[in-house]
Amino acid sequence: MSRINSEHKKWITHQYFRTYDIADRLTDIARHPLDYLLQLEDLTLDYGVSVFAPSWQKKTMLHRFAERVADEMFATDTEGPYVTKYVIHEPPRFEEKRFLPVDLAMQLYGILDDPFEVPVPDGEIVPAPEVGPNVSKWKDSGKVANACYEYFQYLKLTQPYEDLLSCIGDEVFHVVFQNREVLAGLNDYIAKYVEEVDPAMLDDQPDIACLFASEGKLKRVAIPKWVKRAVFFREYGRCAQCGMDLTNLLDALPQEQFDHIIPLARGGLNDITNIQMLCQKCNNAKSDKAIAPSRRYRRFFS
């Protein structure tokens, strides 16, 4: 069963499954990108960055990062510790069962009915001289972790798992889209790889090669109405830099005043996460420079 339907496209019923854990990880990636080069190389290796090239995808750059981080977390979960639940039988008797967080997440989102049951612990008690004399500890055989990993590898190939990542990606986007600083950091991370792309080398991806104006630079594509509308409401109708009220000027604003945070000339994406709304003065001052976005946001009340 999947909760991906037409109504879900309009509304999000937040389950908050690791939403803020993933948001914290994305914040750290944005601030310390060099620490994550190896962990995220599958997003960029061998021109993998080309998935970010198409303009104005609704599966945004932020969705892809969030799904990548969630997937990594679920993979790590296969090594334990596992989630313990107790099943009550008649007459009153408790049976202990263990499950993987990924299955419990799919139950939470209404995607999966029957979770995989983690096998009973397998191992032995061994001496632990590093702890102290006459001290023992439990040493796992690895069989349980292997069984969990094999199950997870199978699960990754299924549509329910894709649906789960999609739900998580939507929720993380809903929270992090407010944070222009994190958006700028993640877009800058990708831009460094876009700048290295030579479209002449994309013989096997002609539909991607045609998106580039030149080496390392994507073509400028008109910003669609849905992007402008979303950014306008995120900024509360005000310039993201100086706070000027633009609510009465929206229809008169030229397209350029919806600004690429990381300029196209510097490898920036045509992606909603790379757009901010500026007044004419701030936009002219920024030009094609990559300037740190403002940390100032409009309060909900004063």
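Predicted model: local features only at pLDDT ≥ 70, side-chain atom pairs only at ≥ 80, totals over all residues.
Pro121 is in contact with Arg98, Trp138 and Val144, leaving aside its neighbours within four places in sequence. Pro121 sits in the loop between β3 (117-118) and β4.

**Around Pro121 and Val144**

- Pro121 and Leu202 are 81 residues apart in sequence, and their C-alpha atoms are 49 Å apart in space.
- Val144, one of the contacts of Pro121, also has a C-alpha to C-alpha distance of 8.2 Å to Glu79.
- Glu79 and Val144 are separated by 65 residues in sequence.
- Glu79 belongs to the loop between α2 and β1.
- Glu79 counts as exposed because its relative accessibility is 63%, over the cut-off of 50%.

- The peptide bond from Gly80 to Pro81 is cis, and its omega is near 0 degrees.
- Most peptide bonds are trans.

**Helix α2 and its packing on α6**

- Two packed helices are described by the angle between their axes and the distance between the axes.
- For α2 and helix α6 (residues 180-194), the angle is about 85 degrees and the axes lie 10 Å apart.
- α2 is therefore roughly perpendicular to α6, a term that covers angles from 65 to 115 degrees.
- On the α2 side, the contact is made by Met61, Leu62 and Phe65.
- On the α6 side, Leu183, Leu186, Asn187, Tyr189 and Ile190 make the contact.

**Thr60, between α1 and α2**

- Thr60 is placed in the loop between α1 (19-31) and α2 (61-77).
- With a relative accessible area of 2%, Thr60 is buried, since the cut-off for that class is under 20%.
- Once neighbours within four places in sequence are set aside, Thr60 is in contact with Phe173, Asp271, Ile272 and Thr273.

**Asp21 in helix α1**

- Asp21 is found in helix α1.
- The relative accessible area of Asp21 is 46%, so this residue is partly exposed.
- Asp21 and Ala70 are 49 residues apart in sequence, with a C-alpha to C-alpha distance of 9.2 Å.

**Positive phi values**

- Most residues other than glycine have a negative phi.
- Asn134 has a positive phi, near 60 degrees, and is a residue other than glycine.
- Asn134 lies in the loop between β4 (123-127) and β5 (136-140).
- Asn134 is exposed, with a relative accessible area of 85%.
- Ser287, also a residue other than glycine, has a positive phi near 55 degrees.
- Ser287 lies in the segment after α9 (280-286).
- Ser287 counts as partly exposed at 43% relative accessibility, because that value falls between the cut-offs of 20% and 50%.

**Asn284 in helix α9**

- Asn284 has its place in helix α9.
- The relative accessible area of Asn284 is 53%, which makes this residue exposed.
- Asn284 and Val172 are 112 residues apart along the chain, and 32 Å separates their C-alpha atoms.

**The chain as a whole**

- The C-alpha trace spans about 75 × 45 × 40 Å along its principal axes.
- Among contacts between residues at least 6 apart in sequence, 66% join residues at least 24 apart.
- The accessible surface of the chain is about 17200 Å², and carbon and sulfur atoms contribute 53% of that area.
- There are 36 positive and 45 negative side chains in the chain.
- The centres of these two sets of charged side chains lie 10 Å apart.

Methods: Residues numbered from 1 in each chain as written. Heavy atoms only, no water. Helix = DSSP H or I, 4+ residues; strand = E, 2+ residues; numbered from the N terminus. Buried < 20%, exposed > 50% of the residue type's maximum accessible area, 1.4 Å probe, protein only. Contact = heavy atoms within 4.5 Å. Areas by Shrake-Rupley, 256 points an atom, 1.4 Å probe, with all protein chains shown as cover. Lys, Arg positive; Asp, Glu negative; His and termini not counted. Charge placed at Lys NZ, Arg CZ, Asp CG, Glu CD. Axes fitted to C-alpha atoms, helices over the stretch in contact; angles between N-to-C directions. Parallel < 35°, antiparallel > 145°, perpendicular 65-115°, else oblique.
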